[in-house]
Amino acid sequence: MEEFRGAHLVRSALCTSFEVDASIPASAFDGAEARTITVKAGPRELTFAAPHYLASYAIPNFYFHMSTAYSILRANGVEVGKGDFLGG
């Protein structure tokens, strides 16, 4: 794992993610609500209908990791606040 060297690396990684997201055509999401999604969770595989996956797995997982990263940054003296967490 690469050592954290500064906020500019995080921003760069986010920009790259946004560029990848922007490159996906909207048509790739046609019928997405009818898809089945399978994820590996340790030794298990979990299968969800797409709306259930989003509401009960993806969004809670995102917020868990976002709040954990925020806490780790704060614990290591990085000056981030509520506005950073909320995107303000």
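**The ring cluster and its setting**

A: Phe48, Tyr53 and Tyr57 are joined into a cluster by ring pairs. Rings of Phe, Tyr and Trp (its six-membered ring) pair if their centres lie within 6.5 Å; planes under 30 degrees apart count as stacked, over 60 as edge-to-face, and the rest as tilted. The model is predicted, and local features need pLDDT of at least 70, side-chain atom pairs count only at pLDDT 80 or more, while totals for chains, interfaces and linings use all residues. Residues are numbered from 1 along each chain as its sequence is written, and side-chain values use heavy atoms, with hydrogens and water left out.

A pair of aromatic rings is described by the distance of the centres and the angle of the planes. The structure holds 4 aromatic pairs. One of them is Phe48 with Tyr53, a tilted pair at 5.9 Å centre to centre and 55° between the planes. Phe48 also forms a tilted pair with Tyr57, at 5.4 Å centre to centre and 40° between the planes.

Phe48 counts as buried because its relative accessibility is 12%. Tyr57, at 23%, counts as partly exposed. Here buried means under 20% relative accessible area, exposed over 50%, and partly exposed in between (1.4 Å probe, protein chains only).

Next come the strands. Strand β1 (residues 36-41) and strand β2 (residues 44-49) pair in the antiparallel sense over 6 bridges. Two strands pair if DSSP finds at least two bridges between them. Helices (H or I, at least four residues) and strands (E, at least two) are DSSP runs, numbered from the N terminus. Arg44 in β2 is the bridge partner of Ala41. The hairpin of β1 and β2 has 2 residues between the strands, and Gly42 takes a positive phi near 65° there.

Phe62 is partly exposed, with a relative accessible area of 47%.

Thr68 is also found in helix α2. Thr68 is partly exposed, at a relative accessible area of 29%. Its side chain reaches the backbone oxygen of Phe64 at 2.8 Å. Thr68 and Thr36 are 32 residues apart in sequence, and their C-alpha atoms are 28 Å apart in space.

Finally, Val20 belongs to helix α1 (residues 7-22). Val20 is partly exposed, with a relative accessible area of 46%. Between Val20 and Leu9 there are 11 residues of separation in sequence and 17 Å in space, C-alpha to C-alpha.

Note on methods. Polar contact = N/O pair within 3.5 Å; in protein donor to acceptor, adjacent residues only side chain to side chain.
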